[in-house]
Amino acid sequence: MKNKFNKISEIPNYQKYFEWDQFNWSTAISFFEKHSNIKLSEACVLELGSRSGKLGLLFNLCGANTILSDVKNNLDESIKQRLKVDDDLDFSIIDATNIDEEKKYDIIVLKSVLGALETKENQKKCIEQVYLNLKKGGEFWIMENLKASIFHRILRYLFIPWSNSWRYIEKEELKILLEKFHTKKIKSKGGLSLLGKTEKQKNLLSKVDDKLNIYIKNSYWHTVVFALAKK
């Protein structure tokens, strides 16, 4: 089932493939496309922590041989059905801290996975495993939640129950974790979208954030980070 988009930003409503805070997170695509040298139609892509599988499907829609993965199968039913008919889309049970795979990948991508690993040691293991399983010249695409300000940490503590077991990273810490990679591009953003209770509110606040981020350069106010690291 080959598709016919040259890049993700050409897919109609590609923002909808992001499960929450769609406007905020989906801006990562323009960042990756600006800095990537890999043609997706010729790429082998592994997504770690796929959850529903919708984000990983974007790569498949551009012709990439795409492997979705997670510690258990929570794929959306539509993705499960597509797996049955698309030879270029697969799913594997993979622990992000122990990627025991024989093949090497052109791109390994993850979104909101490092924090779920709970400890700095596990985060370090994950990034080491990614490095080992990328081809030479391969790219690591990262979308992660930042530790942000004390204001944001209090809000998470009060209103996001699972955040207490989440290990949020700092932008400077991520740079150190990626030190083995040949080149790194990192961008942080966000701030107010965390206050949104509905997707509509989050998207509106994300647009406000984009205006404010022109003036607020301090990453301690930002809530998300995008990084592309090349092996």
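A pocket here is an open set of points, on a 1 Å grid over the protein atoms alone, where a 1.4 Å probe fits, with protein on both sides within 12 Å along at least five of seven lines; its lining residues have an atom within 4 Å of a point. You're looking at a predicted model, where local features need pLDDT of at least 70, side-chain atom pairs count only at pLDDT 80 or more, and totals for chains, interfaces and linings use all residues. Residues are numbered from 1 along each chain as its sequence is written, and side-chain values use heavy atoms, leaving out hydrogens and water.

**Stop one: the largest pocket.** Select Trp20, Ser112, Asn145, Trp162 and Trp166, which lie nearest the centre of the largest pocket, out of 36 lining residues. The volume of this pocket is about 940 Å³. Helix H6 (150–159) supplies the largest share of that lining, 3 residues.

**Stop two: helix H3.** Now pick 54–61, which is H3; helices are DSSP runs of H or I, at least four residues, numbered from the N terminus. H3 is largely enclosed by the rest of the structure, because 7 of its 8 residues are buried (under 20% relative accessible area, 1.4 Å probe, protein chains only). Colour those in: Leu55, Gly56, Leu57, Leu58, Phe59, Asn60 and Leu61. Just past the helix, Gly63 has a positive phi of about 90 degrees.

**Stop three: the second largest pocket.** Jump to helix H5 (120–133), which gives 5 residues to the lining of the second largest pocket, the most of any element. That pocket's volume is about 190 Å³. Show Lys120, Lys124 and Glu173, among the residues lining this pocket.

Note on methods
Helix = DSSP H or I, 4+ residues; strand = E, 2+ residues; numbered from the N terminus. Buried < 20%, exposed > 50% of the residue type's maximum accessible area, 1.4 Å probe, protein only. Points joined across faces, edges and corners; volume = space filled by probe spheres on them.
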